[in-house]
Each structure stands twice: as structure tokens, then as C-alpha cells.
Amino acid sequence: MKIAEDLSRVEETEKGDDLPNIVINETYCKGCGICIDFCPTDVLEMRGNLVAVKNLEACTKCQLCDLRCPDFAIQVF
Ligand code: SF4
Ligand code: SF4
């Protein structure tokens, strides 16, 4: 049951053939903004207290956001 609840709170970007996938776990994200600060192409933004994707096309899959998040709340692949 707990796993199902967590999965229901994962925001996943729309999948395209050649677009990156950015998965944000809203249960783990504390809205610190570190991922936004490290993103070199301004892909992410704050929406309320959580991070969100605003420009998926600009993502280079550098994974800096993924690597720098202290809460393992964002994954890019
Ligand atoms: S660095 Fe992690 S916890 Fe902080 S806003 Fe980004 S996804 Fe959320
Ligand atoms: S993978 Fe790189 S370009 Fe894409 S959102 Fe994360 S920091 Fe930005």
C-alpha cells in the first residue's frame, strides 16, 4: 500500500522518442531548489513547494540535478 501511494505521487514528464525522461518524486522533494540552481539550461522551476519541469526540450541529460539532489528526488534518463 505504501509503495502504491508513493508511486501515485511521482510526476513523470511526457515520454517522447528522443526526449529525456525527468522523474520527480514529490514525496521526497523538499523544494530546496538545488537542482534548479545547478541546471545549466534552465529546465526546472519551483511550483508551489516542489520542483517541476518547465522546458523539457532544453534538457541535455547532463544529470547534474540528479547527482546534486540531496534527497534522491529527481532522476533523469
Ligand atoms: S534538489 Fe531535490 S529536493 Fe531539492 S528541489 Fe530539487 S528535486 Fe527537490
Ligand atoms: S539533466 Fe541537466 S539539463 Fe536536464 S534538468 Fe537536469 S541539470 Fe538540467
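## A walk through the chain, hairpin outward

Let's start with a pair of strands: β3 (residues 44–47) and β4 run antiparallel to each other, joined by four bridges. Keep in mind as you look around that this is a predicted model. Across the pairing, M46 sits opposite V51 of β4. The two strands form a hairpin with two residues between them, and there G48 takes a positive phi near 65°.

Now step back for the overall layout. The chain has three helices and five strands, and if you read along the sequence they come in the order α-β-β-α-β-β-α-β. There are 77 residues in the chain, and 18% of them count as buried. Take the contacts between residues at least 6 apart in sequence: 42% of these join residues at least 24 apart.

β2 (22–25) and strand β5 (residues 74–76) run antiparallel, with three bridges between them. In β2, I22 and I24 make up the covered face, while V23 and N25 are on the uncovered one.

That brings us to the inside. Nonpolar side chains in soluble globular proteins tend to be buried together. Here the largest nonpolar core has 14 residues, and the members touching the most others are I24, C35, L44, V51, C65 and I74. Both β2 and β4 (50–53) supply at least two residues each to this core. L44 makes a handy guide: setting aside neighbours within four places in sequence, L44 is in contact with C35, I36, C39, V51, A52, V53, K54 and C65.

Some of these names come up again around the ligands. The shell of ligand 1 is made up of C29, K30, G31, C32, G33, I34, C35, V51, C69, D71, A73 and I74. By class, eight of the residues in that shell are nonpolar, two are polar and two are charged. Ligand 2 has 14 residues around it, and C39, V43, C59, C62 and C65 come nearest. Its shell divides into ten nonpolar residues, three polar and one charged.

N55 counts as exposed because it has 12 C-beta neighbours inside 10 Å, and the cut-off for exposed is 12 or fewer. Leaving out residues up to four places away in sequence, N55 touches D42 and V43. N55 and L44 are eleven residues apart in sequence, and their C-alpha atoms are 6.9 Å apart in space.

The loop between β4 and α3 also holds K61 and Q63. What makes them worth a look is the backbone: most residues other than glycine have a negative phi. K61, though not a glycine, has a positive phi near 60°, and Q63, also not a glycine, has a positive phi near 70°. K61 is exposed because 12 other C-beta atoms lie within 10 Å. Q63 has 14 other C-beta atoms within 10 Å, so Q63 is partly exposed.

Key. Residues are numbered from 1 along each chain as its sequence is written. Chains are lettered from A and ligands numbered from 1 in the order in which they are written. This is a predicted model: local features need pLDDT of at least 70, side-chain atom pairs count only at pLDDT 80 or more; totals for chains, interfaces and linings use all residues. A nonpolar core is a set of buried Ala, Val, Leu, Ile, Met, Phe, Trp, Tyr and Cys residues joined through C-beta atoms within 7 Å. A residue is buried if 20 or more other C-beta atoms lie within 10 Å of its own, exposed if 12 or fewer, and partly exposed in between; C-beta atoms are placed from the backbone. Two residues are in contact if their C-beta atoms, placed from the backbone, lie within 7 Å. A residue is near a molecule or strand if its C-beta atom, placed from the backbone, lies within 6 Å of it. Ala, Val, Leu, Ile, Met, Phe, Trp, Tyr, Cys and Pro count as nonpolar, Asp, Glu, Lys and Arg as charged, and the others, Gly among them, as polar. Two strands pair if DSSP finds at least two bridges between them.
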